[in-house]
Amino acid sequence: MSINTLAYAAVFMQELDSQMTETATSGWMEENAGQVQYNGGAEVKIPKMQLSGLGNYDRDTGFVRGNVTLTYETKKMTQDRGRTFQVDDMDVNETNFATVAGNVMGEFQRSQVIPEIDAYRYSTIANLAEKASKQKEYTPAVDTILQTLLNDITEVRDKVGDNEEIVVTMTAKTAGMLDQAKGGNQLVQSGEFTQGSLTLRVKEIDTCPIIRVPSARFKTKYEFYDGVTSSKEQGGFAATEDAKDINWIIAVRSVPIAVSKTDVTRIFDPMTNQTANAWKIDYRKYHDLWITDNGIDGILVSVNKA
């Protein structure tokens, strides 16, 4: 066949990565991937910088020598996920292949991949916050939610200063309770939030944008199915029995470093596919999230203790 499957694969990879950044509720975290070095595969290098503090200036000897240490810590993306799909040759031809394949992969990423990556990122942040004593327990209530949230935002600002942009992430249910809180109408205002090439209309509290997340993606622990084991062949993910609901995550925008790469999207036409008279599409996604040691003060997670 004359169809250029390599060209289609390149276009799909570019479009899928763009879709991830713009439509995942955690897509803004990928903007911080510019801090890392990525040369393909599953590994990234994250810079770590250490600087000496100020010393006294001496009029005879001048400046006290300081040290700058810049190293790169190699991290491996722990999430290596994938699926293969086949579309029967009778259902698609060379003329409409791009449309059909684009619809299949776009829907797969929208309904399966993006929710899973969101869930992984938020649960990872919750886990890192717990280890660093940056996690609190609170049972949301209309009469206390506003002040509790403002206190948590203030706690983060007290650590990082007023010049850092802070993002608040919470479920629609929690955000709805915040809307009902006494005084909420005066403090919760409309605003804008830029993610990728999109500008979203969001609510803001104390100048912090509020990003709403479906509650199924906003828990502390998940099991990510292998797609092979009996009873887990459907793949995907599910919250564990001991998972807690996350009320909100308060994060300095530059702190969570998220990387996701559609590593290889392979396309085989029916004449190349050895297993069936069908178009075959292989999808593979590497992804992970990290918070540097000097960035952990820019995180605070509230979980429901009920």
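## Second largest pocket

The lining of the second largest pocket divides into 6 nonpolar, 7 polar and 6 charged residues. This is a predicted model. The volume of the second largest pocket is about 350 Å³. It is lined by 19 residues, and R81, G82, R83, F108 and G236 are the closest to its centre.

Three elements each supply at least two residues of this lining: strand 4 (79-88), helix 2 and strand 14.

## Largest pocket

The largest pocket has a volume of about 690 Å³. Its lining counts 30 residues. Nearest the centre lie I291, T292, D293, N294 and G295. By class, the lining of the largest pocket holds 12 nonpolar, 11 polar and 7 charged residues.

Several elements each give at least two residues to the lining of the largest pocket. The strands are strand 2 (43-51), strand 3 (68-76) and strand 14 (278-290). The helices are helix 2 (97-131) and helix 3 (145-160). Helix 2 and strand 14 each supply at least two residues to the largest pocket, and each also supplies at least two to the second largest pocket.

## Helix 4

Helix 4 spans residues 172-180, and T174, A175, M177 and L178 are buried there. These four sit on the same side of helix 4 because they cover an arc of only 155° around the axis. An α-helix has 3.6 residues a turn, so residues three or four places apart point the same way.

What does the face turned away from the buried side of helix 4 carry? That face carries the exposed residues K173 and Q180.

Conventions:
Residues are numbered from 1 along each chain as its sequence is written. This is a predicted model: local features need pLDDT of at least 70, side-chain atom pairs count only at pLDDT 80 or more; totals for chains, interfaces and linings use all residues. Side-chain values use heavy atoms; hydrogens and water are left out. On a 1 Å grid over the protein atoms alone, a cavity is a set of points where a 1.4 Å probe fits but cannot get out, and a pocket is an open set with protein on both sides within 12 Å along at least five of seven lines; lining residues have an atom within 4 Å of a point. Grid points are joined across faces, edges and corners, and a volume is the space filled by probe spheres set on the points. Ala, Val, Leu, Ile, Met, Phe, Trp, Tyr, Cys and Pro count as nonpolar, Asp, Glu, Lys and Arg as charged, and the others, Gly among them, as polar. Buried means under 20% relative accessible area, exposed over 50%, partly exposed in between (1.4 Å probe, protein chains only). The arc is that of the directions from the helix axis to the C-beta atoms.
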